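Thanks for taking a look at this one with me.

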Amino acid sequence: MSLIRRRKLTKRQTRQIQENQNKDFDDGTLATGVIISHFGKQLDVQITALPQIMATATDDDANNHASNPADNPAKTSAIGIGQIWRCHARTNLPMLATGDTVKFSLDTTTGLGRIEQLMARKQLITRPDRYHKVKPVAANVDILAIIFAPLPKPAVNLIDRYLLIARLNGIVPLLVLNKSDLLDTHPEAVQIVQEYQALGQKYDFEVITTSSIKQSGLDTLSAHIADKLSIFAGQSGVGKSSLINALLPDAEQSTNVISANSQLGQHTTTTSRLLAYDPCHLDKGGIIDTPGIREYGIWHLSADDILAGFDELHDLQGQCQFRDCNHHQNAKGCAFWAAADRGEVLPRRIESLITLIDEAKNGQSAVKPSAK
């Protein structure tokens with residue numbers, strides 16, 4: 001019996017298949033929405049535009065923004081803007097992320113939907129998983145709010161990692177020192193804030209202070225993220241969920257206290273969620289709270305990629321005596337350490353750079369579990 005060989009596709013055939021997968025086949029029956037939660041193979045999608053054949057939906061339908069049709073089969077015939085539908089995705093779509101805009105079909109009998117098409121992304125944050133496959137974290141994000149606090153002790157390497165994420169993905173970084181009411185008893189945190197403020201003034205990012213306990217700085221934070229889609233990232237215990245609850249009281253994010261023994265926080269977020277400022281108008285922005293940003297692996301990045309995330313060190317690129325300089329402190333003719341000796345750059349920023357480059361080369365995270 002002869003073996004049947006699998007026919008090798010030509011480049012033209014491969015391209016045609018890809019074009020067919022990306023083709024807009026909306027016949028007027030698909031709704032448009034934004035993914036607001038991700039549960040593995042299932043996703044929650046909030047309707048932002050009705051199917052064309054249902055454009056005459058009543059105002060009462062449009063006000064059902066908080067209901068999930070699957071929870072009340074009697075209302076599945078009333079499809080309105082703002083409704084949240086539990087969906088599966090068509091198998092040949094790329095991996096989807098919270099924040100993606102999609103078109104999806106609606107089954108009013110079961111109250112379930114199927115995502116048929118992914119709309120163009122403004123940008124996408126990705127990270128490698130434990131198998132070194134790149135996975136999406138969040139899409140169409142405008143601001144990465146990097147939250148830190150006097151307690152637990154700021155992990156500056158983690159802050160630098162998040163600044164790297166922002167720079168590489170074209171996202172505006174915003175450093176937020178929360179629990180500012182503790183600054184009087186933690187002078188080392190004051191120095192860290194001042195150092196990043198100096199860096200931000202030169203490289204165009206803001207550093208602000210807040211306190212969810214004293215309700216201070218919240219108006220400033222709100223003004224920075226208004227009408228934008230933001231991700232809150234930082235160590236456990238720095239008050240991310242408390243800040244979200246203060247900004248969005250209806251979010252009801254669970255919070256955890258600092259461990260008295262370890263002085264470290266405990267994680268509370270387990271699923272990526274988009275918390276909208278206005279549930280009926282996702283274009284007014286919101287906050288994505290996601291566990292996928294806690295430990296951002298950089299195994300897929302080159303040394304040049306990582307250096308690009310350190311603005312002041314990137315400015316010194318090519319000035320070392322030797323082209324293969326490893327930038328360690330004892331490296332002969334290293335321009336980075338010469339600048340540190342002149343007080344122009346911070347030694348700990350060079351150390352962060354070296355740590356991240358070594359991590360990428362070794363293919364494993366250098367972030368301690370307590371600092372995720």
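1. Let's begin with helix H10, where Arg348, Arg349, Ile350, Ser352, Leu353, Ile354, Leu356, Ile357, Glu359 and Ala360 are buried. Please keep in mind throughout that this is a predicted model. The cover over the buried residues of H10 includes H3, helix H4 (187–203), helix H7 (303–307), H8 and H9.

2. How long is H10? The helix has 16 residues and spans 23 Å from its first C-alpha to its last, close to the 22 Å expected at 1.5 Å a residue. Just beyond H10 comes glycine 363, with a positive phi of about 70 degrees.

3. Now turn to H3, one of the elements covering H10. H3 is made of 14 residues and reaches 20 Å from first C-alpha to last, close to the 20 Å expected at 1.5 Å a residue. Of its 14 residues, 11 are buried, so H3 is largely enclosed by the rest of the structure. The buried set consists of Val156, Leu158, Ile159, Asp160, Arg161, Tyr162, Leu163, Leu164, Ile165, Ala166 and Asn169. As you leave H3 you meet glycine 170, which has a positive phi near 65 degrees.

4. At what angle do H3 and H10 pack? Helix H3 (residues 156–169) and helix H10 (residues 347–362) meet at about 70 degrees, and their axes are 10 Å apart. Angles of 65 to 115 degrees count as roughly perpendicular, and H3 and H10 are therefore roughly perpendicular to each other. The crossing of H3 past H10 is right-handed. On the H3 side the contact is made by Val156, Asn157, Asp160, Arg161, Leu163 and Leu164, and on the H10 side by Arg348, Arg349, Ser352, Thr355, Leu356 and Glu359. By type, the residues of this contact divide into 4 nonpolar, 3 polar and 5 charged.

5. The peptide bond from leucine 151 to proline 152 is cis, with omega near 0 degrees. Proline 152 sits in the loop between strand S8 (143–148) and H3.

6. Next, a look at leucine 177, which belongs to strand S9 (residues 172–177). Its relative accessible area is 0%, so leucine 177 is buried. Leaving aside residues up to four places away in sequence, leucine 177 touches Phe148, Ala149, Pro150, Leu183, Val193, Ile208, Thr209 and Thr210. Leucine 177 and valine 238 are 61 residues apart in sequence, and 8.7 Å separates their C-alpha atoms.

7. Is serine 230 buried or exposed? With 0% relative accessibility, serine 230 counts as buried. This residue lies in strand S11 (residues 229–234). Its contacts, not counting residues up to four places away in sequence, are Val141, Ile143, Ile225, Tyr277, Gly286, Ile287 and Ile288.

8. Glycine 111 is found in the loop between strand S4 (101–107) and strand S5 (112–118). Because its relative accessibility is 0%, glycine 111 counts as buried. The C-alpha atom of glycine 111 is 9.3 Å from that of cysteine 87, 24 residues apart along the chain.

9. Two residues other than glycine with positive phi values deserve a visit. Glutamine 215 has phi near 55 degrees and lies in the loop between strand S10 (206–209) and helix H5 (218–225). Histidine 327 has phi near 65 degrees and lies in the loop between helix H8 (311–314) and helix H9 (335–341). The relative accessible area of histidine 327 is 14%, under the 20% cut-off, so histidine 327 is buried.

10. Finally, step back to the whole protein chain. Its secondary structure comes to 10 helices and 13 strands. Of its 372 residues, 47% are buried. Among contacts between residues at least 6 apart in sequence, 66% join residues at least 24 apart.

Terms used: Residues are numbered from 1 along each chain as its sequence is written. This is a predicted model: local features need pLDDT of at least 70, side-chain atom pairs count only at pLDDT 80 or more; totals for chains, interfaces and linings use all residues. Side-chain values use heavy atoms; hydrogens and water are left out. Axes are lines fitted to C-alpha atoms, for helices over the stretch in contact, and angles run from 0 to 180 degrees between N-to-C directions. Helices (H or I, at least four residues) and strands (E, at least two) are DSSP runs, numbered from the N terminus. Angles under 35 degrees count as roughly parallel, over 145 as roughly antiparallel, 65 to 115 as roughly perpendicular and the rest as oblique. A crossing is left-handed if the near helix is turned anticlockwise from the far one by less than a right angle, and right-handed if clockwise. Contact means heavy atoms within 4.5 Å. Ala, Val, Leu, Ile, Met, Phe, Trp, Tyr, Cys and Pro count as nonpolar, Asp, Glu, Lys and Arg as charged, and the others, Gly among them, as polar. The expected span of a helix is 1.5 Å times one less than its number of residues. Buried means under 20% relative accessible area, exposed over 50%, partly exposed in between (1.4 Å probe, protein chains only).
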